[in-house]
Amino acid sequence: MAKVTRTVYNDFCPQTLFLYGNYKENGTPDFGLFCWFSYIWLEDGLGVMACIGEDKLTKDLIRKTGVFSANLVTEELLPLADYYGNTSGYSADKMKRLPTVERGQVLNVPTIAESPVSFELEVRREIHLAPGSDLFLCSIRNVMQEEALADQSVEFAQRLRQAAPVLSPGEENYVSIGGRALGRWGEPMKSLPENPEGD
């Protein structure tokens, strides 16, 4: 099979999407959409690394509190997640649209009830990689998962399809775990009602 040289890119290295959650000083939840998330091994077991680029309210809150949640984005959650990913955290109106928020069971972080998997994370170390690019190495303090996804009598591939995580493989697109096109960045949020509840 012939290969061609290309500019450096990551289009065929898909990443699952997560909504990172934290509380603002006034106690209201804040969520941001991210995908540079993977696993590492720490002295106390499995941990995660989360890279956040550019200045973002999410990054400010993680630095201030030292904790955050990471909630797996599903096809059902994609319109709201896409909205969060395309709206600045510094916008006063951003959090008028909220999922069902539950407090973490171990850490003081907001988690999303509609997400089938939510991690509660504690930052162990921050590494500055480049201007505007920072890596957070975190301990996993708790994992909340839908009970049905833990049923090992069901084949893993079937449970994965049931979880329906969304990938962002590159070229500014969203796809299902099975490779179905779910829209370009900025498109799924158009299916949300024009006025959030309470407006």
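Contact here means heavy atoms within 4.5 Å. With that in hand, take Ser176: leaving out residues up to four places away in sequence, it touches Glu75, Pro165, Leu167 and Leu182.

## What you are looking at

This is a predicted model, in which local features need pLDDT of at least 70 and side-chain atom pairs count only at pLDDT 80 or more, while totals for chains, interfaces and linings use all residues. Residues are numbered from 1 along each chain as its sequence is written, and side-chain values use heavy atoms, with hydrogens and water left out.

## The chain as a whole

The protein chain has three helices and 13 strands. Both kinds of element are DSSP runs numbered from the N terminus: helices are H or I with at least four residues, strands are E with at least two. The chain is as compact as a globular protein of its length, because its radius of gyration is 17 Å, close to the 16 Å that the globule rule gives for 199 residues. (That radius is taken over C-alpha atoms, and the rule is 2.2 Å times the number of residues to the power 0.38.) Along its principal axes, the C-alpha trace spans about 55 × 45 × 45 Å.

Of the 199 residues, 47% are buried. Buried means under 20% relative accessible area, exposed means over 50%, and partly exposed is in between, using a 1.4 Å probe and protein chains only. The chain exposes about 11300 Å², and carbon and sulfur atoms supply 51% of that; the areas come from the Shrake-Rupley method with a 1.4 Å probe, and for residues only the protein chains shown count as cover. Take the contacts between residues at least 6 apart in sequence, and 60% of them join residues at least 24 apart. As for charge, there are 19 positive and 28 negative ones, with mean positions 4 Å apart. Lys and Arg count as positive and Asp and Glu as negative, with His and the chain ends not counted; each charge is placed at NZ of Lys, CZ of Arg, CG of Asp or CD of Glu.

Strands of a sheet pair through backbone hydrogen bonds, either parallel or antiparallel. Here, four strands make an open sheet in the order E1-E11-E12-E13, with antiparallel pairing. Strand E1 (15–16) and strand E13 (181–184) are the edges, each pairing on one side only. For two strands to count as a pair, DSSP has to find at least two bridges between them.

E12 (residues 173–176) is joined to E13 by three bridges, and the two run antiparallel. Val175 stands opposite Ala181 in E13.

## A hairpin elsewhere

Strands E4 (residues 37–42) and E5 (residues 45–53) run antiparallel and are joined by six bridges. They form a hairpin with two residues between them, and Phe37 stands opposite Ala50 in E5.

## Helix H2 and Tyr84

Helix H2 (residues 78–85) is largely enclosed by the rest of the structure, since seven of its eight residues are buried. Those are Leu78, Pro79, Leu80, Ala81, Asp82, Tyr83 and Tyr84. What covers them includes strand E2 (18–23), strand E3 (29–34), E11, E12 and E13.

Zoom in on Tyr84 in H2, which is buried with a relative accessible area of 2%. Setting aside neighbours within four places in sequence, Tyr84 is in contact with Leu19, Phe31, Lys94, Met95, Arg97, Leu98 and Pro99. Lys24 is 60 residues from Tyr84 along the chain, and their C-alpha atoms are separated by 16 Å.

## Two loop residues with positive phi

Most residues other than glycine have a negative phi. Ala164 has a positive one, near 55°. This residue is in the loop between helix H3 (156–163) and strand E11 (166–170), and counts as buried at 14% relative accessibility.

Glu172 also isn't a glycine, and has a positive phi of about 55°. Look for Glu172 in the loop between E11 and E12; at 42% relative accessibility, Glu172 counts as partly exposed.
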